[in-house]
Amino acid sequence: MAAGSGGLKDATALVGIGQTPFAKRLPEDERALACRAVLAALDDAGIAPGEVDALASYTMEETDEVELAKACGFGDLTFFSKVGFGGGGSCATVAHLAAAITAGQASVGVAWRSRKRGSGPRPWTNTSVQLPTPAQWTRPYGLLRPADEIAMLTRRYLHEYGATRDHLFNVALACRNRANQNPAAIMYDRPLTREMYMTSRWISEPLCLFDNCLETDGALACVVVSAERARDCRRRPVYVHSAAQSLPAQHHGMVNYWNDDPLTGPAWSAARHLWKHSDLAPEDVDVAQIYDAFTPLVLLSLEGYGFCGRGEGGAFTEGGALEIGGLLPVNTGGGGLSEAYVHGFNLINEGVRQLRGSSTAQVPGASACLVTAGEGVPTSALLLRS
């Protein structure tokens with residue numbers, strides 16, 4: 001479908017990806033890291049910085065468009081957007097650029113994420129923003145961090161469906177195993193065993209240390225152009241087949257208090273839109289990059305995006321289902337649990353690598369990849385194809 005013809009399906013493609021090293025502490029500031037990642041992505045695509053005319057980022061990004069455009073040498077920008085809700089906005093950055101390019105508002109778009117979460121402060125330590133109206137019902141009663149909020153949902157999930165900590169371990173292990181194949185991953189040389197998992201300290205019961213994502217300094221970026229332009233770029237194009245955002249009715253971030261069912265989060269409504277506009281179905285997906293700030297989010301997402309039924313996410317992980325060669329290999333670069341936590345942007349870049357055939361844990365013959373943003377908050381998702 002040509003740009004401007006009115007639909008997103010396969011109208012645009014990801015043609016460049018870039019990233020900095022990942023570490024607990026990097027010397028550069030967030031702007032310098034952002035510039036390095038963006039310029040690497042443009043070089044990967046074979047596109048000059050002066051051709052960039054669209055940008056997309058998401059909240060908690062400290063590098064603004066003006067700084068990035070000047071430092072990288074962009075031309076006139078005709079489209080720029082910032083998506084809300086932290087990690088829920090990762091995939092939406094690509095969706096916004098795809099929509100702008102398809103509508104003729106831009107021709108070369110760059111999305112990026114730069115964070116110093118490893119060496120910088122935690123967002124929830126800023127007491128001046130601790131009590132927006134919804135938080136007045138949670139913070140005074142001990143739900144201070146995202147880990148506490150997701151722990152409460154996890155406890156309900158384990159109670160209702162009979163899932164166990166072994167199912168959460170299956171998620172952590174699959175991500176760690178893939179990180180052990182990825183030299184860029186923070187946990188590259190640190191294997192995980194069941195004994196290590198089961199004896200690790202609680203962060204917020206029932207979530208232990210290895211149920212929680214890393215804290216990372218680093219930056220990533222990707223380049224989006226029309227499908228027509230993509231044919232002339234340096235790398236094999238990866239097409240944006242379908243995209244979705246979701247803020248469900250009566251949603252309450254993380255805890256979902258006011259939904260009829262707190263365990264049907266934003267993934268469920270995002271999935272309905274994603275599959276509605278796709279020629280593919282869950283059974284056609286070869287590999288998935290599922291947002292994994294916490295292990296139980298993967299179980300909820302497996303259900304929400306249709307890979308198994310309600311309450312079956314835990315059982316789905318059994319028998320190596322999430323490993324290479326399993327039912328649905330996930331987070332093949334290591335994900336936020338074991339590669340790096342940069343609000344999910346590394347999942348986008350890993351999706352591109354899988355469909356280029358260049359992943360360090362390549363799924364043989366992969367031609368369709370689901371990438372999801374944060375579950376538990378207003379979210380977004382991409383269905384990519386080669």
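Biologist: Is Phe 85 buried or exposed?
Modeller: The model is predicted. Phe 85 lies in the loop between β3 (79-83) and α3 (90-102). The cut-off for exposed is over 50% relative accessible area. Phe 85 has 52% relative accessibility, so the residue counts as exposed.

Biologist: What is the phi of Phe 85?
Modeller: Most residues other than glycine have a negative phi. Phe 85 is not a glycine, yet its phi is positive, at about 75 degrees.

Biologist: Which loop holds Asn 331, and is Asn 331 buried or exposed?
Modeller: Asn 331 is found in the loop between α10 (313-316) and α11 (335-338). Asn 331 also has a positive phi, about 45 degrees, without being a glycine. Its relative accessible area is 0%, so Asn 331 is buried.

Biologist: What is the omega of the peptide bond from Glu 205 to Pro 206?
Modeller: Most peptide bonds are trans. Pro 206 sits in the loop between β5 (202-204) and β6 (207-208). The bond from Glu 205 to Pro 206 is cis, with omega near 15 degrees.

Biologist: How many disulfides does a search of the whole structure find?
Modeller: A disulfide is a covalent bond between the sulfur atoms of two cysteines. For Cys 233, the closest cysteine sulfur is in Cys 222, 13 Å away, which is too far for a bond. Cys 308 is in no disulfide either, with the nearest cysteine sulfur, that of Cys 175, 16 Å away. Over the whole structure the search gives zero.

Biologist: Is Cys 308 buried or exposed?
Modeller: Buried means under 20% relative accessible area. Cys 233 counts as buried because its relative accessibility is 13%. Cys 308 has 14%, so this residue also counts as buried.

Biologist: What is the radius of gyration of the protein?
Modeller: The C-alpha trace spans about 55 × 45 × 45 Å along its principal axes. A compact globule of 386 residues would have a radius of gyration near 21 Å, and the value for the protein agrees with this, at 19 Å.

Biologist: What percentage of contacts between residues at least 6 apart in sequence join residues at least 24 apart?
Modeller: The secondary structure comes to twelve helices and eleven strands. Buried residues make up 61% of the 386 residues. Of the contacts between residues at least 6 apart in sequence, the share joining residues at least 24 apart is 77%.

Biologist: How far apart are the mean positions of the positive and negative charges?
Modeller: The protein has 33 positive and 40 negative charges. Their mean positions are separated by 3 Å.

Definitions and conventions:
Residues are numbered from 1 along each chain as its sequence is written. This is a predicted model: local features need pLDDT of at least 70, side-chain atom pairs count only at pLDDT 80 or more; totals for chains, interfaces and linings use all residues. Side-chain values use heavy atoms; hydrogens and water are left out. Helices (H or I, at least four residues) and strands (E, at least two) are DSSP runs, numbered from the N terminus. The radius of gyration is taken over C-alpha atoms; the globule rule is 2.2 Å times the number of residues to the power 0.38. Buried means under 20% relative accessible area, exposed over 50%, partly exposed in between (1.4 Å probe, protein chains only). Contact means heavy atoms within 4.5 Å. Lys and Arg count as positive and Asp and Glu as negative; His and the chain ends are not counted. The place of a charge is taken as NZ of Lys, CZ of Arg, CG of Asp or CD of Glu. A disulfide is a pair of cysteine sulfur atoms within 2.5 Å.
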